[in-house]
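Subject: Structure for your review

Dear colleague,

I am passing on the structure we discussed, and my notes on what was found in it follow below. Please read them with the structure open beside you.

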Amino acid sequence: MSDITEFYSLAHICISLIGGILLLAIWYNIRKRFKQFLEEDDSQKRIDKGLLYLSLALFIWVFSGTWIYLGNLLSFDTTIIFDVGYSFFSVLNTLALLLALFYFDFAPRFLYKNRKNTIVLTILIIAVSTVTFFLIQGYKDNPVVNGIRISGIPDLILSCFLMYLLIVSFYKTFMNRGLKLVAIISVLAFLLMLVSQMPDVFVVMDDILYGHLIKIIAKTTFISIFLVLATSWVIQLALTPKPSEMTIKFMDWSLVKMTIPSKEIYDKTIDFGSKTTQYKNLLKFAVKRKYEIGDGQYLLVNSGGEIKSQTYLSRIIENINSILQLESISQLERKDLFTFMGQGKYRLRVIPENISIDETLLEEFNKTC
């Protein structure tokens with residue numbers, strides 16, 4: 001084992017270990033400080049589990065790096081046992097990243113729309129790893145054909161697909177949180193990760209020094225992106241208003257008065273004007289929340305529910321932000337006003353005691369509904 005390879009292996013292990021510990025520490029702190037809010041909203045549990053799987057992926061990198069280092073150090077890197085271990089850690093790492101993306105709201109929809117899709121992708125990952133393993137054994141004596149390492153092709157194709165998922169998920173997530181520069185850097189980091197795998201297939205690109213340098217830079221940036229993601233979520237949680245601090249008063253048709261101190265909204269009157277659909281939908285949530293009990297406080301938001309699409313919820317928030325002309329840091333998000341309870345069920349987060357509805361307005365509303 002050359003000095004460069006040994007340095008890369010040890011650096012890979014240490015960087016992944018530190019990154020995994022930091023990410024796990026942030027996750028634990030989030031669980032401790034925001035426990036009540038996380039348990040209130042199922043959509044937050046998704047993000048919570050996503051961070052846990054990302055930290056798991058980093059720890060798998062530690063184990064795989066240790067395995068590779070020991071294989072080179074003890075000279076069993078050409079044995080079938082080494083290949084089995086390498087394939088095993090490769091599968092685990094890909095699965096951990098895939099499961100993390102399953103909990104991203106901005107991941108491609110086919111990942112979390114149906115759990116069967118995740119199962120299919122899991123089987124695909126295992127199949128690709130198995131094919132790679134047999135190609136390594138089959139081409140042991142002559143691994144390179146016309147400058148291409150045959151055994152690396154299936155893994156490279158899978159990596160292209162995984163990087164596509166990571167790019168889409170992280171770019172949309174950071175753009176949604178107003179971190180445009182981080183979104184661009186995340187795309188570059190994932191592309192660099194893909195480039196770092198090219199020498200494993202195309203031998204002409206194989207340069208020990210620059211190859212390992214690119215891998216170190218890519219993985220360090222990769223881990224940094226994970227940490228920024230976790231930190232931005234902490235900030236997002238801290239800025240999320242508490243249900244008890246919000247008040248909402250329905251004064252007349254299209255007129256609502258709101259107070260949300262954490263968003264610097266104090267007794268602001270919102271005139272929905274001609275946007276009566278958004279106003280009625282918000283009033284429906286308020287009536288359910290104030291006068292119903294238990295499961296009766298939610299509305300079903302899907303094609304067969306009282307509200308046909310989640311788009312209508314987003315429009316309520318967009319209209320409020322537009323009418324109040326809020327600064328970017330004070331703008332409301334859907335999770336600020338609505339709690340996702342799972343299975344298409346949403347509930348207004350404002351506590352019943354802080355909801356006021358004009359009696360005449362309520363009578364008119366009950367007649368029309």
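The largest cavity holds about 50 Å³ of space, and a search of the whole structure, which is a predicted model, finds one cavity of 30 Å³ or more. Its lining is made up of Thr 94, Leu 98, Leu 121, Leu 124, Ile 125, Leu 158, Phe 161, Leu 162 and Leu 165. Two or more of these residues come from each of the helices α4 (80-102), α6 (115-138) and α7 (153-176), and it is α7 that gives the largest share of the lining, with four residues. Sorted by class, the lining of this cavity counts eight nonpolar residues and one polar residue, while charged residues are absent from it.

A second topic is the sheet formed by four strands, which is open, has the order β5-β4-β3-β9 and shows mixed pairing. Its edges are β5 (265-271) and β9 (355-357), each of which pairs on one side only. On average, and with direction ignored, neighbouring strands of this sheet are turned by 15 degrees against each other.

For the protein as a whole, the secondary structure comes to 13 helices and nine strands, and the C-alpha trace spans about 85 × 35 × 30 Å along its principal axes. Of the 369 residues in the protein, 45% are buried. Where contacts between residues at least 6 apart in sequence are considered, 68% of them join residues that are at least 24 apart.

With best wishes

Conventions
Residues are numbered from 1 along each chain as its sequence is written. This is a predicted model: local features need pLDDT of at least 70, side-chain atom pairs count only at pLDDT 80 or more; totals for chains, interfaces and linings use all residues. Side-chain values use heavy atoms; hydrogens and water are left out. Two strands pair if DSSP finds at least two bridges between them. Axes are lines fitted to C-alpha atoms, for helices over the stretch in contact, and angles run from 0 to 180 degrees between N-to-C directions. On a 1 Å grid over the protein atoms alone, a cavity is a set of points where a 1.4 Å probe fits but cannot get out, and a pocket is an open set with protein on both sides within 12 Å along at least five of seven lines; lining residues have an atom within 4 Å of a point. Grid points are joined across faces, edges and corners, and a volume is the space filled by probe spheres set on the points. Ala, Val, Leu, Ile, Met, Phe, Trp, Tyr, Cys and Pro count as nonpolar, Asp, Glu, Lys and Arg as charged, and the others, Gly among them, as polar. Buried means under 20% relative accessible area, exposed over 50%, partly exposed in between (1.4 Å probe, protein chains only). Contact means heavy atoms within 4.5 Å.
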